[in-house]
Amino acid sequence: MNDVKIIIDKILEEAEKETQNILVEGKKEADAIIKEAEGKAYKEKEVFRKRAEEEARKVHAKEVSGAEMEAKKAILAEKQNILAEVIAEAKKRLENLPDAEYVKVVGSMLDKLDASKGKEILVSAKDKDRLKDIIEEKGLILSAETREIDGGFIVRNGDIEYNYSFEAIIMVDKEEIQLIAAKILF
């Protein structure tokens, strides 16, 4: 029986060695699989990180671009407000010139008219007295009719009227006036 015991012990010993070898090989395979999985996970993590960084850069660039666009719009709006204020102030100053200067400005405007056809000049009620002499001096007719204009005059030639009020002149030449003012201001 001793021989059987020796054989069994030897089989058990070989089984133990085989088990140990299998465990060692299994551990090696498991370590290799884990290492491969960690490498794959690291690569995927890097891909996702790079994508996230790129997306963050895109979002940042979009936000910056949007903010710059809003800033440009705000600056443009402010420039337009300033130009409107400058034009309004210029009109106000024209309307409030001292009588002598006002008559001189309107007189130079009248000089540009063709006085040869008995043209009638209509002015506001407040300008009637202060422009009467210059209108007659230029060979034009001061109308008894007045118009509600802030400054300047209206020329009536038969049934046709030409508006030379400061408001009308500014409206017609607004873009050109804004360009000139913008060059000076900005």
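The model described here is predicted.

The ring of phenylalanine 153 is paired with that of tyrosine 164: the two centres are 5.3 Å apart and the planes meet at 25°, so the arrangement is stacked. Phenylalanine 153 belongs to strand β3 and tyrosine 164 to strand β4 (residues 160-165), so the pair ties together parts that are eleven residues apart in sequence.

Two aromatic pairs are present in the structure. In the pair of tyrosine 102 and phenylalanine 166, the ring centres lie 5.9 Å apart and the planes stand at 80°, so this pair is edge-to-face. The pair links distant parts of the chain, since tyrosine 102 is in helix α2 (residues 99-111) and phenylalanine 166 is in helix α4 (residues 166-172), 64 residues apart.

Both partners fall in the buried class: tyrosine 102 has a relative accessibility of 0%, and phenylalanine 166 has one of 4%. Tyrosine 102 also has a charged neighbour, for the charged end of arginine 130 sits over its ring, 3.7 Å from the centre.

## Strand pairing around β1

Strand β1 (residues 120-123) pairs with two strands, β2 and β3. With strand β2 (residues 141-146), the pairing is parallel and runs over three bridges. With strand β3 (residues 152-157), the pairing is antiparallel, again over three bridges.

## Serine 143 in strand β2

Serine 143 is a residue of strand β2. With a relative accessible area of 4%, serine 143 is buried, because that value is under the 20% limit.

A polar atom of the serine 143 side chain lies 3.0 Å from the backbone nitrogen of glutamate 145. Leaving aside residues up to four places away in sequence, serine 143 touches Glu120, Ile121, Leu122 and Lys128.

Alanine 67 is located in helix α1 and counts as partly exposed, at 47% relative accessibility. From C-alpha to C-alpha, alanine 67 and alanine 15 are 75 Å apart in space, with a sequence separation of 52 residues.

Proline 98 is in the loop between α1 (2-95) and α2. At 46% relative accessibility, proline 98 is partly exposed. The C-alpha atoms of proline 98 and glutamate 36 are separated by 93 Å, and these residues are 62 places apart along the chain.

Conventions:
Residues numbered from 1 in each chain as written. Predicted model: local features only at pLDDT ≥ 70, side-chain atom pairs only at ≥ 80, totals over all residues. Heavy atoms only, no water. Pairing = 2+ DSSP bridges. Helix = DSSP H or I, 4+ residues; strand = E, 2+ residues; numbered from the N terminus. Phe/Tyr/Trp six-rings, centres within 6.5 Å; stacked < 30°, edge-to-face > 60°. Buried < 20%, exposed > 50% of the residue type's maximum accessible area, 1.4 Å probe, protein only. Lys NZ or Arg CZ within 6 Å of the ring centre and 35° of its normal. Polar contact = N/O pair within 3.5 Å; in protein donor to acceptor, adjacent residues only side chain to side chain. Contact = heavy atoms within 4.5 Å.
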